[in-house]
Amino acid sequence: MRTSILIVFVLNAIFLATSCRRPAAERKEVTPRDTAASEAVPVVAEETAAPTSGDWPAWGGDSYRNMYNPREKNIPSDWDVATGRNIKWAEDLGSQSYGNPVVVDGKVYVGTNNEGHRDPEVVGDKGNVMCFRESDGTFLWQAIHNKLSAGRVNDWMWQGVCSTVWGENNRIYYVNNRCEMICADADGFADGENDGPYADEEYAGPEHADIIWRYDMIEELGVFPHNLATSSPVIGGDHVFLVTGNGVDEGHLNLPIEAAPSFVAFNKHTGELVWDYAVEHHVLHGQWSSPAYGLVKGEAQAVFPGGDGYVYALHPETGDLIWEFDCNPKDSVWELGGYGTRNNLIATPVIHDDKVYIAVGQDPEHGIGIGHFYCIDATGKGDVTKTHAVWHVGNEDFGRTMSTVAIADGLIYNCDLAGLIYCFDLKTGKMHWKHDLEAAVWASPMIVDGKVFVGDEDGEICVLKHGSEKEVLGNISMGENVTVYTTPTAANGTLYIATKSKLFAIANTE
Ligand SMILES: [Ca+2]
Ligand SMILES: [Ca+2]
C-alpha cells in the first residue's frame, strides 16, 4: 500500500507572534495578513508601516492558513548546503520528517521520527517533535511517543509525528502518531516543573516534553486513524480545532465506527472536548488534512476538509453546520487504489477575503490524476455546491494535489502532485503561468520577500519570482538522496527548510 501516505500533513505542510507580536487570538480574530485591499498594491507598499519580521508559529502562519509571509525581507534565494554558504545552522532530525517547521518565542519545532537518536536510551520506532533554539539550532528537548500496537493500519511505521505544531502562550499543540491531541509546555522539563494536569510522562528527563494535557481520540471517541493521524491543529478563540484522522479499516471499505467524529473542538486551556462532528457522507479513505479558522463577513467560521470530499464550515462555538461544498463532480466515482475520478481532500483550506480556496487530491501512492481546484464563496448557508463556486480549474488543467495555496497581490499559487507549480489570477482562476518542477510535490508553495519557494521529492527547492510573469530564480539542491516533503517557512529574517532528515536555517550570512 502506501508507504508515505500520510504525509499529507505535510502539506498540511500546512503557523503569529513577532517582534511586535499580537496575542494569537487577537491576530486571528481581527487581522488576516493580507486583505482584499492589498491585492492591487505591491507587497512593499502594504508593509511600510507593518512589522518587517516575526515568528511563524503555525501551519500557514496563522489560522487563515495562507502560505504567504508578508513581513520577511532579505530572505536568500541562493544558498549551498555543501559549502555552507548562507546556511546559518543545520541540525539532524529523524530519518523521515513531515511536520513543517514553525518558529515561536525563540524556538523552532519540527515533527519527525526517533531515528535522530537524540536520546540514546530510547530506541526504536517512535513519533517525535523536536524543539531547537532559534538563534543557533541548539537541541533543547523532544516529545517521544510510542507507536500504536495495531501497526501500520493506524500508525504507519517510521513516519513519526506528521502534524505541524501550533505554538502560542508558551504552549504547543499537535496531534501525535497515537491519535492523541497534545498540549505541551514550550519549556519542557527544563523549567524544573511538571506542568499538568497531565503528569504521567514516560519520558521525563530534562530533554523531554512536558505534556500539559492530552486527549486520546481512539479511546474516547472511537476514531480509527487510517494509517496515521496527521492533522495540524488550528486555534480560534479558546478552541483547538482538529481533523481526527478517522478513516476506513484495512478492507478499505468500511468505517469501524461509522459515527466516530471527523472534526473536533477542544478547550485549549483544559483539553476538554467541546464538540465533535461526523461528516455527512461516507469517508472515502482517510482524513489527513487540517482545518482553518477565520472571519467571513465578520463572523468566525471553522473550515474543515472532510474525508468525503466536502468542505465544511462549522460554527466554532457549537459545531453547527454553516455551509458545505462538494469538491467532486456528482458523476465522479471512487475506486480503490486511485483508479477512480472521485478524490479526497489532502490540502488545507485557505480562508481569504470571504472565500475559501482548496483543491482535491489523494494519497500520493495512488498516483496522479485529474483534479479540481475551487474558489468558494464562503458567505452561503447549507449545501452551496451548486451556488457558491466562484471559479473552478481542473480536469486536464489541474491535477490531484496535496498542496495548500499561497495568495498575495491578486495572484494565487498552487502545485499538483505531478510536479507543476501554477500561478492563477485570484479573482478569475485564469492561469498566468505554470512551471514543471520535474519531481512530485507534496509540499506547498510559500510566498515571501517577493519570491515563491517550493520543495519537491527530489530534494530541490525551486525559487521563482512572485508575479504574473514566470521567472525561475534558481533550483537549489538540499543534499544527496533527500526529499523535501515540507513547506519552507520564514521567520525573523531566516528561512527554514526541513528535508526528510535535516533542518536547515538559511539566512544571508555574508
Ligand atoms: Ca514544565
Ligand atoms: Ca506534565
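**Strand pairing and a loop residue in a predicted model**

D238 is found in the loop between β11 (234–236) and β12 (239–243). Strands (E, at least two residues) are DSSP runs, numbered from the N terminus. The structure is a predicted model, in which local features need pLDDT of at least 70, side-chain atom pairs count only at pLDDT 80 or more, and totals for chains, interfaces and linings use all residues. Residues are numbered from 1 along each chain as its sequence is written, while chains are lettered from A and ligands numbered from 1 in the order in which they are written.

D238 counts as partly exposed because it has 15 C-beta neighbours inside 10 Å. The cut-offs are 20 or more other C-beta atoms within 10 Å for buried, 12 or fewer for exposed, and partly exposed in between, with C-beta atoms placed from the backbone. Not counting residues up to four places away in sequence, D238 touches N267, K268 and H269. Contact means that C-beta atoms, placed from the backbone, lie within 7 Å. The C-alpha atoms of D238 and A265 are separated by 9.6 Å, and the two residues are 27 apart along the chain.

Strand β15 (residues 292–296) is mostly covered, with four of its five residues buried. β15 pairs with β16 (residues 299–305) in the antiparallel sense over five bridges. Two strands pair if DSSP finds at least two bridges between them. L295 has A300 in β16 as its bridge partner. Two residues lie between the strands of this hairpin, where K297 takes a positive phi near 50°.

An open sheet of five strands runs in the order β1-β28-β29-β30-β31, with mixed pairing. Its edge strands, β1 (68–69) and β31 (472–477), each pair on one side only. β30 (residues 460–465) and β31 run antiparallel, joined by five bridges. I461 has I476 in β31 as its bridge partner.

Technical notes:
Two residues are in contact if their C-beta atoms, placed from the backbone, lie within 7 Å.
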